[in-house]
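Colleague: Please take a close look at how the chains meet. Carry on from there into the chains themselves, and spell out the cut-offs as you go.

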Amino acid sequence: MNDKVKYFKLIACIILLVFFTTFPFTAFSQTKDKIRIGTAISLSGPYAPGAGMTQIPNYNMWVEEVNAKGGLLIKKLNKRLPVELITYDDKSDIGTAVKLVEKLILEDKVDLLLPPWGTAMHFAIAPVVTKYGYPVMGPTVSSEKLREIAHKVPYFFGILNMPREQGAALADLLEELEVKKVALIYVADAYGIEWTGKVAPDLGLKKMDVVILKSYPLDTKDLSPLLKTIKAAEVDAVLCMSYPNDTFLITKQAKELGLNPKLFYLGVGVAFPVYKQMFGGPNAVEGIMGAGAWNPKVPYPGAKEYFDRHVKRWNQEPDRWGSAFAYASLQILEQAIEKVGSIDRKKIRDCIATQTFPTVIGPVRFEGGFNVQSPGEIGQWQKGEFEIVAAKEKRTAKPIFPKPSWP
Amino acid sequence: MRRAIFEKIFYLVLLFLILILMVMMPPYVSPYTIILLSSIFMYIVLTVSWALFSAPTHYLSLASAAFFGLGIYVSAILGDQLPLLVVIGLGGLISFLLALLVGLSSLRLKGMYFTIFTFGLSELIRHSVQWWEVNETGTVGRWVIAVDNTTVYYIMLAILLITLVVTYIIKHSKYGLALLSIGESEEAADHIGINVNAMKIITFAISTFFMGATGAIMATRWSYIDPSIAFNPLFSFMPVLMAIFGGMGQIFGQALGAAVLTLLADLLLTKLPYYYMLLYGVILIIVILFLPKGLVGLKEEVKLWLRGMKQRYENT
Amino acid sequence: MSPLLFLDILIGGLMMGGLYALIAVGLSLQYGVARVLNVSHGEFIMLGAFATYSLYILFGINPLLSLVVSGPIVFIIGFLIHRTLFKRLRRLSQSLDAFEGSSLLASFGLLFIIQNVALLIWGSNVKGYTYLSKTVNVFGAVYAANRLVALLFAILIGLIFYFFLMRTRTGKAIRAAAQDVTTAQLMGVNIHFVLGLCFGLGALMASFAGSLTSMMFEITPLIGFPYTIIAIIAVVLGGLGNILGSLIGGFILGLIGNIVMYIHPGLSLIAYYFIFLLLLLVKPTGIFGK
């Protein structure tokens, strides 16, 4: 009696297993009454702060704005279709991100995709979105390696400034300010390595002396030994190719140790609005330079309005780098859909690749998959605003040099 | 006696039917199911091969990520120069060789010391590869040649099959008994005449072969890898969790634990993105509280419960 | 090498070492006595850090004072967790090995739960505050005041705990249980209370360490696990079951970490693990192990 029950249980388990595996994956048929956009992005894990600052608020705000108008304009259907945004958490894990993107494409059958955060993530999904033909513009990827494979991933576009141009802009700026001795430290991750790989040789070519060139691990907790060494070396400029966590750490510890070089540059994170508050107010960060620059004063239509809308909606300013690029990529997407007249992903991709689009970061055009509107841009906090101090033509203010001492 | 044979034949036929199902499935199910199943196969292989050595001997290794990652890197570096199956074989082979070294060096370590040693080793390898990539090659990540999902599925299925067969054979042979006796008392096993050191090292190495091979094929799914992805400590911890969750003592338990937890994670991740860790943890705790032997304990519990019911029925 | 640099490295190493020693002792109590390899140990550190942060930001409570507030709460939570979860697991397990396995699984479950809860409450953004960040001159070497204070507090807590362990009856009971649980039980020790106490004390240590680190470092729900790893390494290095050993192990790790940081920050983790593995190979039962 017991054995029979055992076998029945087993068969029941197997039936359940089969059911369990196939049922959740049946796709329900969709009538075309809305446009589904999917994104697998870091809601948790080490990339979450960046994603939560630069992309997620812009994605959500854009969807709200579009739906307030009734949706995206689909000329072929002669009407607007509302947008539904599906967000999955990739846990800052590449394997999960790839799997979720495939799930969005294959199971949820989304019409369009929005990218995750960070260079490594973009690397991972670029081949995937190309394989399935989903055009994607990456606002938080900055890597020359991408240029090497760009021809293999025609559906992937990089909209953010690239290390080659940024490095050149930074080196030009240092040269202009007559910097002689430099300390260059970088996070041992794709971002830090690439940027250093571009900046260091440029500095050398301009006859500047890089007396310290060291990397530090990604999840480091304490950089005071390194900073003390730098202080002892008495350099003119300290350049840190850093990610948000180390950017905050370095700034904090430099302030504690009284490391006050004439020029202090850090990487990702300087442009975050929280940066100007977290050390005791905007005075504390006066004169600190960072990657990327955009501020509400730039002469592009819609820029100031975008800034105000962001503040109103999220009670927080957009950051002064990636945010605007993320929003711009959405503007481009919307405009491309309107130009094409439908959600034909191939045509949208071709449109993005060839046309010029007015956005909050200026008129954007892609060449070979990369945005050529925004080459080197470096910013500096001056009186609570992130002014653009490089490239020279784009300046909204003159660079402050030397950096005032810590308050 | 007859019932035992009948049972065995029943299970064999069942497994055969499941195998046929798995082989025939791909053209009829959604592409995502294929991807998910490949993931499940991967975790089953990692768990079962980990348990091959660690379950009977009680030497809990936390170095699975090192061997898995090694396979990934073999694929990343040699993937565009050698045919796929060769790469997979190499992934397994190089893991095997590394494991021999690891086994030799850690012979004197026992219990938790061995466990933490293997963890430290895995992390050392991770950071060393990172250092090498940063300083010598100037890159951090690498691209992997992509392979289509159905091919990955079949290869993973094949690796799974081989792993299950090999593990079963070893477990039910005199070597399996030797491993168990090492687990009970290493000294006694030594006195009986078992070459304890050789057994430990070789079994450990065999288990890592499958991990390396799996790494080599699964790397093609991710298209981009770097040291923190390839050598993620999670690949060391999850097999342990999955084995305990499902039931460490039997291969079926280990495989079940891996399959259930992988499926669960996938379901939770997509349906409840903000609470999945919470629910995952709660399920882990509930299962271990009420089924301390793991999921396979369910069979026992149900049997006991049924027996109790039967007795009560007979008593009235 | 100048004596100043040497002093700098030494003191800096001791500062981190003090914190590591604190969390190592906490884990040692949980593993050495209660036999729970608590992989969620670091999450209690994270909770302590967030608690201090919230108390400071919302109510302006002095971070050092918050130790008195958050500490007992976390202790009670730890004690209750042991009472409800691990005690039951111990009863259900048929062998010590089985218990170690199932308690490992359970503590992983705790890790996931606590991290997710922290994520829900405080979000994923980096949080931090400044407290005592002015620098102090110690024989010419410069340090942030909060680090010195953290070190002093770690030493203070360590001393109080040492006194408690050596001079009180409960401390004696703990030491007895650490040696041999069954014998201790036979000697009249209320073993389940003691085990729960140890677990709670472990969580308390973690919380203290977390509160102290919140003064110096940024806080996210993810900071816990790396500390857990350090604690495990320190405990193993010092010798399992040896509370003093884990304390020393913590200091050694702090010193090694700092020394390597000075020489080559990029290599710090490699050297760290390399030295640890080497020490284990030389002494397979830990430096002070049996």
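**Interfaces, then sheets**

Modeller: At the interface of chain A and chain B, 43 residues of chain A are in contact with 41 residues of chain B, contact meaning heavy atoms within 4.5 Å. This is a predicted model, in which local features need pLDDT of at least 70 and side-chain atom pairs count only at pLDDT 80 or more, while totals for chains, interfaces and linings use all residues. Residues are numbered from 1 along each chain as its sequence is written, chains are lettered from A and ligands numbered from 1 in the order in which they are written, and side-chain values use heavy atoms, with hydrogens and water left out.

Between chain A and chain B about 4,200 Å² is buried, and carbon and sulfur atoms give 68% of it; buried area is the accessible area (1.4 Å probe) that two parts lose on being put together, summed over both. The rule finds three salt bridges across this interface, a salt bridge being a side-chain nitrogen of Lys or Arg within 4 Å of a carboxyl oxygen of Asp or Glu. Lys99(A) and Asp266(B) meet through their side chains in a salt bridge, at 3.1 Å from N to O.

Turning to chain B and chain C, 36 residues of chain B are in contact with 44 residues of chain C. The two chains bury about 3,700 Å² between them, with 83% on carbon and sulfur atoms. Of the area that chain B buries against chain C, 19% comes from Tyr113(B), Trp131(B) and Met277(B), more than from any other three residues.

Within chain A, seven strands form an open sheet with mixed pairing, in the order E9-E8-E10-E11-E12-E16-E17. Helices (H or I, at least four residues) and strands (E, at least two) are DSSP runs numbered from the N terminus, and two strands pair if DSSP finds at least two bridges between them. Strand E9 (209–216) and strand E17 (385–390) of chain A are the edges, each with a single partner strand, so one side of each has no neighbour in the sheet. From one strand to the next the twist averages 25°; axes are lines fitted to C-alpha atoms, for helices over the stretch in contact, and angles run from 0 to 180 degrees between N-to-C directions. Helix H8 (residues 190–205) of chain A packs on this sheet, where it touches E8, E9, E10, E11 and E12 and makes about 165° with the direction of E8(A).

Six of the six residues of E17(A) are buried, so the strand is largely enclosed by the rest of the structure; buried means under 20% relative accessible area, exposed over 50%, partly exposed in between (1.4 Å probe, protein chains only).
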